[in-house]
Amino acid sequence: MERTWNNKAWFMVLPVLLLVAFSAIIPLMTVVNYSVQDTFGNNDFFWAGSEWFDEILHSDRFWEAMGRNLVFSAIILIIEIPLGIFIALNMPKKGWGVPVCLVLMALPLLIPWNVVGTIWQVFGRVDIGLLGYSLRALGFNYNYVNDPFDAWITVIVMDVWHWTSLVVLLCYAGLVSIPDAYYQAAKIDGASRWAIFRYIQLPKMNRVLLIAVLLRFMDSFMIYTEPFVVTGGGPGNTTTFLSIDLVKLAIGEFNLGEAAAMSIVYFLIIMLLSWVFYTVMTAYDAEQ
Amino acid sequence: MNLTWMAWTLPTAVFFITILALLCGMAIWEYVSPGGNPRVGVLRFETTRGDRLFLSLLGSAFIHLAWLGLVGPNLWWALALSVVYAIGVFRYV
Amino acid sequence: MARLEETTADGRTLMRQTPASAEAQTANATLARKMRRRGEESRFWWLVPTIYIIFLMLPIYWLVNMSFKTNQEILGAFSLWPRNPTIANYMVIFTDPSWYKGYINSIIYVVMNTVISVTVALPAAYAFSRYRFLGDKHLFFWLLTNRMAPPAVFALPFFQLYSAFGLIDTHIAVALAHCLFNVPLAVWILEGFMSGVPKEIDETAYIDGYSFPRFFLRIFMPLIASGIGVACFFCFMFSWVELLIARTLTTTAAKPIAAIMTRTVSASGLDWGVLAAAGVLTILPGALVIWFVRNYIAKGFALGRV
């Protein structure tokens, strides 16, 4: 749509600007202030310069949490994106099955995150949970409380359970926008299932897939509540992701300076990724 | 209103005033010559001068972090490098 | 020349048609078979969504199942369905103020947040969809970064900020804090819907002598009513599911149900039935309205960009 140049539009944006500035800019300024100082409570602050950043950048704890988070995000993407595409391709195209599938698949997306954690915490328990009990009955030595590998599996399956539907719904939205004529043309040419996917469906899904990948990456990169409820970051530190570590540092240990420095590094990474997302998105839309 | 909890210090205040001044400067620049001077630079997509400022600032932040992590705590060199980087961004991106 | 070619062409088609029709029919049939074999989905396509939905429903079923059991049954006998269904767990929640107050608190701040977010987002989304102005692109991007920002980064400074204003443990504090990600969300979703309304409608209304507020309320808002509904739903949802900030900013008076649940897990860790019942009740708001937003779920989660 052609938009007219009018700087008075600023007045319409002003309420949003003030509101978000209050809840975004003031806290961010505070974080920057804290990150260069040390405190022993009572609002007594001492200049620390870049010490906290130095400590964060050379701390194994930070890089390990970062590494775990990146591995987690990578695994999530590798599982959820192909699985989501596969399910979306097999969704019914019309009839009563469509709303039923949409509603049932979307349900996990709308469950409060800590309840998602609770559901899986219970579901995976070996004494009272269906999953844990069944795995035990089948002879697996499954215990997500003590075994890091089982804890990871649980957290990953939980995330797949929670968020694959988002990929499915996005891909489905892309698929239904393909006109029937495309499929008919492909049929006349005798195109194989793979060719239809590769040359008709995938190109139409490009844009939604881009959104899906970025949303899933962003959200898994800042995941907190679900793994925290299930494993509490344990056993040991094996499922402590960036956000869990940050909250531990800031609220658990009340280590304001270090937590603030970590927040800034974290936030800068998010800024960079958001910018890439936004740029690719706008460039893609401009091409169309 | 009590603002001690925000723990302002002179350097951070100077930092934010600089950012604010930069934003005001960009607004005035935009007012004087509207359109944002869009062009396609080395990144192969269209950028305006606002994008270039954002890239400069974000890049500078990462340069500082990298300097701190890889070289040492003397950030004046990182600042100098950032200025060179910013000039590069405004010239070529 | 041209005429001649036409006739030959016509002649050829005429000649071809008669003897080839039978052959063409068999060819068509083979093609159809081939299509069914290769191009179309197999007859078992429905297995995929069915298995997936079973996978999704099992954990939820287990929670519902548990909420109708007594603690003795949960811990004592492993049963796939409640042998002696009881609503005692739900009664505990509906009669104990420390439980049902949690729901009331959650609903109060969630509704406040939804109203604030959508109200301020409406004019802003209109501005973004209709006008170009100084720094619009960057402002839009900045809003996005707030949607993407990890709540963990903001938990601590929010605590300090709202303490300074004396707002800790009030509903409005949580409502305002959740604006951080809900206002950008509402702006993005509404902008997506508004851009679908042709600009000519605005121009015609202005020519007809409508003032801007009257046009916006009487003509424009009904046109994007579904968009407003979707934005409200997603603001409600994202505020409802968020725990970290809500928990940080409240102690007792405005404590959300989500935080009460976590506390119960860590403190007693035994009352599984009540915990399950509380969980089922937090799923209900989403489950009740999901039917109305089923076609917009992808749009809402993708910030209106689908």
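The model is predicted: local features need pLDDT of at least 70, side-chain atom pairs count only at pLDDT 80 or more, and totals for chains, interfaces and linings use all residues. Residues are numbered from 1 along each chain as its sequence is written, while chains are lettered from A and ligands numbered from 1 in the order in which they are written.

**Chain A with chain B**
- Chain A brings 21 residues to the contact and chain B brings 18 (two residues are in contact if their C-beta atoms, placed from the backbone, lie within 7 Å).
- On the side of chain A that touches chain B, α12(A) gives the most, with seven residues (helices are DSSP runs of H or I, at least four residues, and strands are runs of E, at least two, numbered from the N terminus).
- That side of chain A has 14 nonpolar, six polar and one charged residues (Ala, Val, Leu, Ile, Met, Phe, Trp, Tyr, Cys and Pro count as nonpolar, Asp, Glu, Lys and Arg as charged, and the others, Gly among them, as polar).

**Two domains of chain C**
- Chain C is assigned domain 1 (54-86) and domain 2 (97-301), with bounds from an automatic or database domain assignment.
- Their C-alpha centres lie 33 Å apart.
- Eight residues of domain 1 of chain C are in contact with eight of domain 2 of chain C.
- α2(C) gives the most to the domain 1 side that touches domain 2, with four residues.
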